[in-house]
2 protein chains.
Amino acid sequence: MSSSELLLSLSQKALHLLQEDADKIEKLIEVQMENLTTRKCPLYEEVLDTQMYGLSREIDFAIRADLINEAAGKLILVKLERNLAELYEALNKKE
Amino acid sequence: MSSSELLLSLSQKALHLLQEDADKIEKLIEVQMENLTTRKCPLYEEVLDTQMYGLSREIDFAIRADLINEAAGKLILVKLERNLAELYEALNKKE
C-alpha cells in the first residue's frame, strides 16, 4: 500500500468510526422523540449531553491528528445539534 | 515517505496529542493538591471527571482508529487515575 492509500484508508476508517458514534446519539434522540407522548426520562438530557461532549472530543482529536478535515468533523456535529434542538423544542412544547 | 514511516509519524503525533491532554489534567490535579491547605473548590471534582471522560473517549478512538495500541492508551489513563486517587485521598483526609 502506498502512503497516500494508507492515509486515505486511515481517514476513511476514522470518519466511519465517528459516524458510527454519531449514529448511536442519533438513535438516542429518535427513541426519546418516539417517547414524547409517554413519559420524559429526566436522565435523558444528561446522557445526551455527555455523549455529545464525548463525540466532540473524538472529532476534535481526529482533526488535530490529521485524520479528518475540520469541515467533515463540523458537519457531523452540526447535524446532530440540529436534531437535538428539535428534540428539546418538542419536549418544551409538551410541558 | 513510505507507508510505514507515515504510520509511525501519525501514531507518534496521536500519542503526543493524547499525552498533551493528559498533561493538562495532571496540571489540574497538581494545582488542586497545592491548594489543599487553602480552600477546596467544589467544582474541581466535576471538572476533573469531565476531563478524564473526554480523554478516555479520545484514547478509545485512537485505539479503534489503529493509531495507538491498547497498552499505550491504558498506560496514560492508569497513571492519571493513580494521581486522581491520591488527590481524593488527600481531600478526604483534610475533611
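Predicted model: local features only at pLDDT ≥ 70, side-chain atom pairs only at ≥ 80, totals over all residues.
**Entry 1: the fold of chain A**

I started with chain A on its own. I found 3 helices and 0 strands there, and reading along the sequence gave me the pattern α-α-α. Next I looked up the radius of gyration, which is 16 Å for chain A; the globule rule gives 12 Å for 95 residues, so the chain is more spread out than a compact globule. The C-alpha trace of chain A spans about 55 × 20 × 20 Å along its principal axes. I also noted that 36% of the 95 residues of chain A count as buried. Of the contacts in chain A with a separation of 6 or more, 73% are between residues 24 or more positions apart.

**Entry 2: the interface**

How much area do chain A and chain B bury between them? I get about 2200 Å², with 62% of it on carbon and sulfur atoms. In chain A, the residues that lose the most area to chain B are Arg57(A), Phe61(A) and Arg64(A), together 29% of what that side buries. Chain A gives 24 residues to the contact, and chain B gives 24 residues.

I then counted the polar side of things. Between chain A and chain B there are 14 residue pairs in polar contact. On the side of chain A that touches chain B, the elements giving two or more residues are α1 (3-34) and α2 (44-64) of chain A. The largest share, 10 residues, comes from α2(A). By type, this side of chain A divides into 13 nonpolar, 5 polar and 6 charged residues.

**Entry 3: Phe61(B)**

Phe61(B) sits in helix α2 (residues 44-64) of chain B. Is Phe61(B) buried or exposed? Its relative accessibility is 0%, so Phe61(B) counts as buried. I set aside its neighbours within four places in sequence and listed the remaining contacts of Phe61(B): Ala14(A), Leu17(A), Leu18(A), Glu58(A), Phe61(A), Ala62(A) and Leu67(A). I also checked Phe61(B) against Gly73(B): they are 12 residues apart in sequence, and their C-alpha atoms are 10.0 Å apart in space.

**Entry 4: salt bridges**

A reminder to myself: side chains of opposite charge can pair when their charged atoms come close. My search of the whole structure finds 16 salt bridges over all chains, and the count between chain A and chain B is 8.

I went through a few of them. Arg57(B) and Glu58(A) meet through their side chains at 2.9 Å, N to O. Arg57(B) is in helix α2 of chain B and Glu58(A) in helix α2 of chain A, so this pair joins two chains. Both Arg57(B) and Glu58(A) are buried.

Arg64(A) forms a salt bridge with Glu58(B), where the closest N and O atoms are 3.5 Å apart. This pair also crosses between chains, from helix α2 of chain A to helix α2 of chain B. Arg64(A) is partly exposed at 23% relative accessible area, whereas Glu58(B) is buried at 1%.

Asp21(A) is buried, with a relative accessible area of 7%, but Lys24(A) is exposed, at 56%.

Which residues are linked in a network of salt bridges? I traced one through Asp21(A), Lys24(A), Glu58(A), Arg57(B), Asp60(B) and Arg64(B).

Methods. Residues numbered from 1 in each chain as written. Chains lettered and ligands numbered in written order. Heavy atoms only, no water. Contact = heavy atoms within 4.5 Å. Buried area = accessible area lost by both parts, 1.4 Å probe. Salt bridge = Lys/Arg side-chain N within 4 Å of Asp/Glu carboxyl O. Polar contact = N/O pair within 3.5 Å; in protein donor to acceptor, adjacent residues only side chain to side chain. Helix = DSSP H or I, 4+ residues; strand = E, 2+ residues; numbered from the N terminus. Nonpolar A, V, L, I, M, F, W, Y, C, P; charged D, E, K, R; others polar. Rg over C-alpha atoms; globule rule 2.2 N^0.38 Å. Buried < 20%, exposed > 50% of the residue type's maximum accessible area, 1.4 Å probe, protein only.
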